[in-house]
Amino acid sequence: MAYTKESIKQVVNEEKVEFIRLEFTDMLGDTKNVELPIEELETVLENEAMFDSSSISGFSDIQESDMYLYPDPDTFLILPQEMDEDPIARFICDIYTPDGEPFEGDPRYILKRAMKEAHDLGYTVNVGPEPEFFLFKLNDEGYPVRKMNDRAGYFDASPKDKGDNVRRDIVRTLKKIGFEMEASHHEVAKGQHEINFRFDEMLKTADNIQTFKNVVKDVATNHEYHATFMPKPVTADNGSGMHCHLSLFQDGDSAFYDNGTEDEISQTMKHFMAGILHHANGIAAITNPNVNSYKRLVPGYEAPVSRAWSHSNRSCMIRVPTTRGLGTRFEVRNPDPTANPYLALAVLIQAGLEGIRNKMDPGEAESRNLYEVTDDSVPTLPTNLKEALSALKKDKVLMDALGEHTSRVYIEEKEEEWTTYSLQVSQWELDHYMSK
């Protein structure tokens, strides 16, 4: 629904809203917010709400901390009671400087830049994400403990699956705020779950991912569970991914479909895939942003390790589902749900567009189980965050996609994370080396 200032005021009045929540996303992908009383609605709608950004990761220095929150009317909604008992109006905001310019470190602005690149070439990009999560139990003080909510497996049903009621309540809540839901089920690992919502244009999808994660966490807490999107919370079991299904449209038709070829996929699609594969190592620094991300990207746990594509082979980074016509798309399988969705989609799109411009070739589709390939015939994804950051720093296309400010600050932050992690002594090390 398209909202105007007057229609927003009407809804707020009818719902007896007392507070306005202004949400935005920091560089690391965390949702931040500030709440204002309803008396400040006019200030909000006139783009005059300010906040101090100096303590927000990836934002401005303390000497230039004042920023403005510009609410996007298309993101207006009244939060359901499952998320907050009081009627609260929510907006997702863009960040602007006091000069009235978009803040170059705002992840939403970075994705909008990528959208413009696509639109300038005549394309619209749709994205369907699949963020997975685990449910853990809470202790008496309300903090999560490392005990899963069940020991069920893929597509298991109740009573093995003890998360079905949680998932149903998540779906109900999402439907109340306008999500088009598709399916929910237990995933492969114990305590792991997946809920799918319908694809959309990429900015709306990034907004939806952030809202989805908030709903999942709130509803899980209501059921006295902790929901985590951590990629690999359990040793020797599958981790959580966020597969992204990408499709490209031009003048209302699929730019990826070509019924004149044997596999019915177009050269445009192959060029787009090739661009992503070519830049994959640097992309990983954004789509797999944490030390823990790379403990998921290992052979044997249904996560990709190879920079290759296939028609059905899940050991590849890119898989092409069998659907054709308007549903022609490909699935990028390495991203995980801790990624900042705005930055992740921005680098994927910019890399794909580079592939189209340069008519890149993705090579032949792989049919082998790449987990069993031991030679160097297939290039692999980075094995740790340090390798991914090194690749990102050398990749001009991706650095330009992020912009000078964000690329510099992001790399600094993540290199510090890697250094801090490298200095830790783990229990595994103590168990294996203490007696040597």
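This is a predicted model: local features need pLDDT of at least 70, side-chain atom pairs count only at pLDDT 80 or more; totals for chains, interfaces and linings use all residues.
Helix 6 spans residues 267–278 and has twelve residues. From its first C-alpha to its last, helix 6 reaches 16 Å, close to the 16 Å expected at 1.5 Å a residue. The buried residues of helix 6 are Met 269, His 271, Phe 272, Met 273, Ala 274, Gly 275, Ile 276 and Leu 277. These buried residues pack against both helices and strands: helix 7 (280–287) and helix 8 (341–357) on the one hand, and strand 13 (242–250), strand 15 (306–310), strand 16 (316–319) and strand 17 (330–332) on the other.

Two packed helices are described by the angle between their axes and the distance between the axes. For helix 6 and helix 8, the axes come within 6 Å and cross at roughly 125°. The crossing of helix 6 with helix 8 is right-handed. On the helix 6 side, the residues that meet helix 8 are Thr 268, His 271, Phe 272, Gly 275 and Ile 276. Their counterparts in helix 8 are Leu 348, Ile 349, Ala 351, Gly 352, Leu 353, Gly 355 and Ile 356. By class, this contact of helix 6 with helix 8 holds seven nonpolar and five polar residues, with no charged residue. As a general point, an α-helix has 3.6 residues a turn, so residues three or four places apart point the same way.

Helix 7 also packs on helix 8, at an angle of about 165° and with the axes 9 Å apart. Angles over 145 degrees count as roughly antiparallel, and this description therefore applies to helix 7 and helix 8. Their crossing is left-handed. Helix 7 contributes Ile 283, Ile 286 and Thr 287 to the contact, while helix 8 contributes Leu 343, Ala 344, Val 347, Leu 348 and Ala 351. Seven of the residues in the contact of helix 7 with helix 8 are nonpolar, one is polar and none is charged.

The packing of helix 3 (residues 107–120) on helix 8 has an angle of about 20°, and the two axes are 8 Å apart. With angles under 35 degrees counted as roughly parallel, helix 3 and helix 8 are therefore roughly parallel to each other. Helix 3 passes helix 8 in a left-handed crossing. The residues of helix 3 in this contact are Pro 107, Arg 108, Ile 110, Leu 111, Arg 113, Ala 114, Glu 117 and Ala 118. Those of helix 8 are Tyr 342, Leu 343, Leu 345, Ala 346, Ile 349, Gln 350, Leu 353 and Arg 357. By class, eleven residues of the contact of helix 3 with helix 8 are nonpolar, one is polar and four are charged.

Leu 353 belongs to helix 8 and takes part in the contacts with helix 6 and with helix 3. Leu 353 is buried, with a relative accessible area of 0%. Apart from neighbours within four places in sequence, Leu 353 is in contact with Ala 114, Glu 117, Ala 118, Leu 121, Tyr 123 and Phe 272. Leu 353 and Thr 75 are 278 residues apart in sequence, and their C-alpha atoms are 27 Å apart in space.

Several loop residues were also examined. Asp 72 is located in the loop between strand 4 (66–71) and strand 5 (77–78). Its relative accessible area is 13%, and Asp 72 is therefore buried. Leaving aside neighbours within four places in sequence, the contacts of Asp 72 are Phe 91, Ile 92, Cys 93 and Arg 108.

Thr 235 lies in the loop between strand 12 (225–228) and strand 13. With a relative accessible area of 69%, Thr 235 is exposed. Thr 235 and Arg 296 are 61 residues apart in sequence and 9.5 Å apart in space, C-alpha to C-alpha.

Most residues other than glycine have a negative phi. Glu 224, in the loop between helix 5 (202–222) and strand 12, has a positive phi near 65°. Glu 224 is exposed, at a relative accessible area of 61%. Glu 264 likewise has a positive phi, of about 65°, although it is not a glycine. Glu 264 is placed in the loop between strand 14 (253–254) and helix 6, and at 28% relative accessibility counts as partly exposed.

Note on methods: Residues are numbered from 1 along each chain as its sequence is written. Side-chain values use heavy atoms; hydrogens and water are left out. Helices (H or I, at least four residues) and strands (E, at least two) are DSSP runs, numbered from the N terminus. The expected span of a helix is 1.5 Å times one less than its number of residues. Buried means under 20% relative accessible area, exposed over 50%, partly exposed in between (1.4 Å probe, protein chains only). Contact means heavy atoms within 4.5 Å. Axes are lines fitted to C-alpha atoms, for helices over the stretch in contact, and angles run from 0 to 180 degrees between N-to-C directions. A crossing is left-handed if the near helix is turned anticlockwise from the far one by less than a right angle, and right-handed if clockwise. Ala, Val, Leu, Ile, Met, Phe, Trp, Tyr, Cys and Pro count as nonpolar, Asp, Glu, Lys and Arg as charged, and the others, Gly among them, as polar. Angles under 35 degrees count as roughly parallel, over 145 as roughly antiparallel, 65 to 115 as roughly perpendicular and the rest as oblique.
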